[in-house]
Amino acid sequence: MSGLDDLYRELILDHSRDPQGKGDPQAEAHSHHELNPSCGDEITMGATVDEDGAIASLHWEGQGCSISMASASVMSDLLAGASRDEALARIDEFREMLRSRGSVEPSERLEDAAAFQGVAKYVMRIKCAMLGWVALEACLMESAAT
Ligand code: ZN
């Protein structure tokens with residue numbers, strides 16, 4: 001398993017160094033700001049859902065620890081272009097993986113986001129990993145309501 005752990009650590013580092021999906025969240029139809037006071041992480045996520053209910057565009061900005069930034073980046077890669085329902089299902093799976101403290105094996109559908117399974121062991125870091133996902137969830141809920 002240590003080989004996989006190294007791979008996951010590398011993936012998180014790569015994404016924190018070169019985050020994907022960065023851009024102006026206010027340019028999207030829906031945006032939502034999330035703060036994690038215990039760590040000081042801040043993310044504003046923006047998403048535009050098209051007429052077919054797919055995430056046509058997704059951009060975010062933020063600052064914080066490498067886990068919060070890498071997780072928002074991995075999520076952007078995973079969910080840009082997904083339908084609203086798919087995205088909400090993936091967010092639920094990601095949350096379940098983290099809240100289970102690592103006892104729930106990550107769904108294959110989470111792809112690179114499975115790298116954050118190890119984070120579940122550290123209660124203080126779960127909120128870091130969830131931050132961008134919670135912000136996108138709020139955008140999608142809002143888009144569904146309009
Ligand atoms: Zn953090």
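In strand β3, the residue E61 stands opposite T44. The model is predicted, so local features need pLDDT of at least 70 and side-chain atom pairs count only at pLDDT 80 or more, while totals for chains, interfaces and linings use all residues. Residues are numbered from 1 along each chain as its sequence is written, and side-chain values use heavy atoms, without hydrogens and water.

Strands (E, at least two residues) and helices (H or I, at least four residues) are DSSP runs, numbered from the N terminus. Strand β2, residues 41–49, pairs with β3 in the antiparallel sense over eight bridges; two strands pair if DSSP finds at least two bridges between them. The open sheet has three strands in the order β1-β2-β3, with antiparallel pairing. Because β1 (30–36) and β3 (55–63) each have a single partner strand, they stand at the edges, and one side of each is left without a neighbour in the sheet.

Helix α2 packs on this sheet and touches β2 and β3, where contact means heavy atoms within 4.5 Å. The direction of α2 makes about 175 degrees with that of β3; axes are lines fitted to C-alpha atoms, for helices over the stretch in contact, and angles run from 0 to 180 degrees between N-to-C directions.

Helix α2 (66–79) also takes part in the lining of the largest pocket, to which α1 (2–17) and α2 each supply at least two residues. The largest share, six residues, comes from α1. A pocket is an open set of points on a 1 Å grid over the protein atoms alone where a 1.4 Å probe fits, with protein on both sides within 12 Å along at least five of seven lines; lining residues have an atom within 4 Å of a point.
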